[in-house]
Amino acid sequence: MKASPDPDVILLAALADATRLEIVRQLGACDQACACDFVSCCDVSQPTVSHHLKVLREAGVVVTEKRGTNIWYALAPDFKMRYATIGASLAGLVAIN
């Protein structure tokens, strides 16, 4: 599959993974978390968590802040609006009964 330059496609592709979606859910429940916090919630190794966080960062889903030797993650300030805009643009395509 050819990579898309469309930022909406990149965002949705980043969220279309169970581990990444769990990371986003955890960040939605708190203000921020250290990368090490995701190992236990997602039941994956630290290198795997790092990979998923990189994908989320590149998609603009999360932002980072380095504190000492740790990197802290938070949802990007515009993430909720971007996601809501995508959902709103698709809302008319699905009939909800």
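Reader: At about what angle does helix 4 run to strand 2?

Author: In this predicted model, helix 4 covers residues 46-58 and strand 2 covers residues 62-67. Helix 4 lies across strand 2 and strand 3, and its angle to strand 2 is about 120 degrees.

Reader: Which strands does helix 2 lie across, and at about what angle to strand 3 does helix 2 run?

Author: Helix 2 spans residues 18-29. It lies across strand 1, strand 2 and strand 3, and the angle to strand 3 is about 85 degrees.

Reader: Is helix 2 roughly parallel or roughly perpendicular to helix 4?

Author: The axes of helix 2 and helix 4 come within 10 Å and cross at roughly 70 degrees. Angles of 65 to 115 degrees count as roughly perpendicular. Therefore helix 2 is, relative to helix 4, roughly perpendicular.

Reader: How many residues of the contact of helix 2 with helix 4 are nonpolar?

Author: From helix 2, Thr 19, Arg 20, Ile 23 and Val 24 meet His 51, His 52, Leu 53, Val 55 and Leu 56 of helix 4. Of these contact residues, one is charged, three are polar and the nonpolar ones number five.

Reader: Which are the edge strands of the open sheet?

Author: The three strands have the order 1-3-2, with antiparallel pairing. Strand 3 pairs with strand 1 over two bridges and with strand 2 over six bridges. The strands that each pair on one side only are strand 1 and strand 2.

Reader: Which residue takes a positive phi in the hairpin of strand 2 and strand 3?

Author: Val 62 has Leu 75 in strand 3 as its bridge partner. The hairpin has two residues between the strands, and the positive phi, near 65 degrees, belongs to Gly 68.

Methods. Residues numbered from 1 in each chain as written. Predicted model: local features only at pLDDT ≥ 70, side-chain atom pairs only at ≥ 80, totals over all residues. Heavy atoms only, no water. Pairing = 2+ DSSP bridges. Helix = DSSP H or I, 4+ residues; strand = E, 2+ residues; numbered from the N terminus. Axes fitted to C-alpha atoms, helices over the stretch in contact; angles between N-to-C directions. Parallel < 35°, antiparallel > 145°, perpendicular 65-115°, else oblique. Contact = heavy atoms within 4.5 Å. Nonpolar A, V, L, I, M, F, W, Y, C, P; charged D, E, K, R; others polar.
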